[in-house]
Amino acid sequence: MVALLTDFGFLFGDPQTVTTTLVDTFDGRLRRAGLRLELRKSEQLELVLSGDDIVPARLTVERAPSVLADLPRGPFRSRIAELIDVRALAPRLRVRMNCSTGVWRDSTDKAVSIAELNEGARVLGRPDGERATTIEIHEVPGYAKQAVRVREVLAGVGLVEQDHDTLERCAVESGVDLAGFKGSATVPLDPQMAAIDGFRAVFANLAVAISANWQGAIDQIDPKFLHDLRIALRRTRTVLRAATSVVPTDVSTAAAEGFAWLAGATGPSRDLDVYLLEWEHYTGPLGPEAVSALAPVRDLLEQRCRDAHLELEQTLQSDRAVELITEWRAWLTEPLDRADLPRRAERPLGKVVAKRIDRAHSALVEAGRMIDPDTPAEQVHELRKDAKKLRYLIECFGSLLPDKPRKRYVKHLKALQENLGEHQDAEVHIALLRSLTPELETAGAGADTMVAIGQLTERLNQTRIASRAEFAERFADYDSHRTQQALDAALDAISS
């Protein structure tokens, strides 16, 4: 094949043994965006970013990156920054093969096509199976015809064109799913199915999300693992509350108590994660002198964050946590005694869910109408929790609801949640700052630090005041005829 392509005009370099590692986030964000990040090791370590309709970018590195900060600032890092955000980069597939690269150049020495001969490709860390040999023809932008001609020549001598390139083929044959974890709260449901079956399907889906993020939260691979674990736990608690008279009381009571304890244990570490993630956003506008003066505050926050994560790690590895998850999974998979189920267990799922969502919406509207400028922050926070519970119900049972009215309704609910979340974050972070002050004073923090804390507190307070002032407008948009119409259209479709 090399001889054939050489006669065609390709000039090949010497073959090299190359280990290529496909790198992506746990949830496959780069792949979802049509990008591929490869870490190639031959004579040097090189990152290659390629994708649909983009010129591959290359970056020589000293070690494999695990977070965005491991990459130098520049175009390469900027290209993936918004996609991966705080997620860690991790190896998804590692393949070793002998590679020979050939370039076909025209009379002006312009590369018009690139061929890669990959021999003996095998997946590392997997049982050694059949080793693949492939030829990949890569189009050069603006020279598609040349690539077509080369493929025709190769087909003419009996080579069969594959649906996947070498790495994709290795992944498929070794059973590696490059798409990453799909953490959707929604599962396929039928409004006419028995309520107990629908609720168990939702619980089982949430249990998968809990398991998928459990170890990542313990190992602190990135902050998103704890965030997604916490959301899965809270969704489970919300659906349990909605499962009254559907799930057997002994099961729901034990699970509700256990998941309340577990969700509560994730709170302190997650709150500190959020504070540190937002630190630059909070402190940047204060200026470099204030940021420097606040260094002891950040150090103390980081120490508290480490302590909170250590406590959470111990909780997640405790016998109580393991027993809770084990018993919950057992109930989700064991056969049901349908003769001994609660009275609403066999009712159509759509009717039960529609009633629960409508009730949650009505409670949110009633509570929201009680909020005025003098309402205590604790009551506003309770409203935020009510909004979250409603949103979780809609997400978990979303496949029952028609798309258009559901999306219209969620748009207004989401806007209200954003306002309430901004207010609550500011409240929590102001309180935390105040709780740190005595410890910092005892440790001998300077006057410049105390002044900077006052500046940061004031900035957070202004955010709190602004979000509280905006609440009336956001709530009025939610508590409107058009929002109610959207909800009614969504629920009417499943309650008949």
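Among contacts between residues at least 6 apart in sequence, 71% join residues at least 24 apart. The model is a predicted one. Its secondary structure comes to 17 helices and 8 strands. The C-alpha trace spans about 80 × 70 × 50 Å along its principal axes. Of the 496 residues in the protein, 45% are buried.

The largest nonpolar core has 72 residues. Within this core, F199, F203 and F397 have the most contacts. Helix 6 gives the most to the core, with 12 residues. A second, separate core has 22 residues, including L294, V297, L436 and A452. Leaving aside residues up to four places away in sequence, F203 touches T236, V239, L240, A243, V247, W328, W331 and L332.

Helix 12 covers residues 319-333. Its 15 residues should span 21 Å at 1.5 Å a residue, and the end C-alpha atoms are 21 Å apart, which agrees.

The buried residues of helix 17 are T483, A486, L487, A490, L491 and I494. Seen down the axis, they fall within an arc of 115 degrees, so they line one face of helix 17. Exposed residues H481, R482 and D492 lie on the face turned away from the buried side. What covers the buried residues of helix 17 includes helix 13 (349-368), helix 15 and helix 16.

Rolling a probe the size of a water molecule over the atoms shows where empty space is left. The whole structure holds 1 cavity of 30 Å³ or more. About 40 Å³ of space lies in the largest cavity. Its lining consists of I394, L401, R406, Y409, V410, L487 and A490. Helix 15 gives the most, with 3 residues. Two of the lining residues, L487 and A490, are also among the buried residues of helix 17.

The second largest pocket has a volume of about 1600 Å³. It is lined by 43 residues. H227, R234, R384, K388 and D425 lie nearest the centre of this pocket. Helix 7, helix 8, helix 9 (279-283), helix 14 (377-396), helix 15 (403-442) and helix 16 (447-478) each supply at least two residues of its lining.

Several loop residues were also inspected. D109 is found in the loop between strand 6 (90-105) and strand 7 (111-123). Phi of D109 is near 70 degrees, a positive value in a residue other than glycine. D109 has 52% relative accessibility and so counts as exposed, the cut-off being over 50%. S245 lies in the loop between helix 7 and helix 8. S245 also is not a glycine, yet has a positive phi of about 70 degrees. At 17% relative accessibility, S245 counts as buried, because that term applies under 20%.

K182 belongs to the loop between helix 5 (166-174) and helix 6. K182 is exposed, with a relative accessible area of 58%. K182 and A194 are 12 residues apart in sequence. In space, they are 26 Å apart, C-alpha to C-alpha.

Terms used
Residues are numbered from 1 along each chain as its sequence is written. This is a predicted model: local features need pLDDT of at least 70, side-chain atom pairs count only at pLDDT 80 or more; totals for chains, interfaces and linings use all residues. Side-chain values use heavy atoms; hydrogens and water are left out. Helices (H or I, at least four residues) and strands (E, at least two) are DSSP runs, numbered from the N terminus. The expected span of a helix is 1.5 Å times one less than its number of residues. A nonpolar core is a set of buried Ala, Val, Leu, Ile, Met, Phe, Trp, Tyr and Cys residues joined through side-chain atoms within 4.5 Å. Buried means under 20% relative accessible area, exposed over 50%, partly exposed in between (1.4 Å probe, protein chains only). Contact means heavy atoms within 4.5 Å. On a 1 Å grid over the protein atoms alone, a cavity is a set of points where a 1.4 Å probe fits but cannot get out, and a pocket is an open set with protein on both sides within 12 Å along at least five of seven lines; lining residues have an atom within 4 Å of a point. Grid points are joined across faces, edges and corners, and a volume is the space filled by probe spheres set on the points. The arc is that of the directions from the helix axis to the C-beta atoms.
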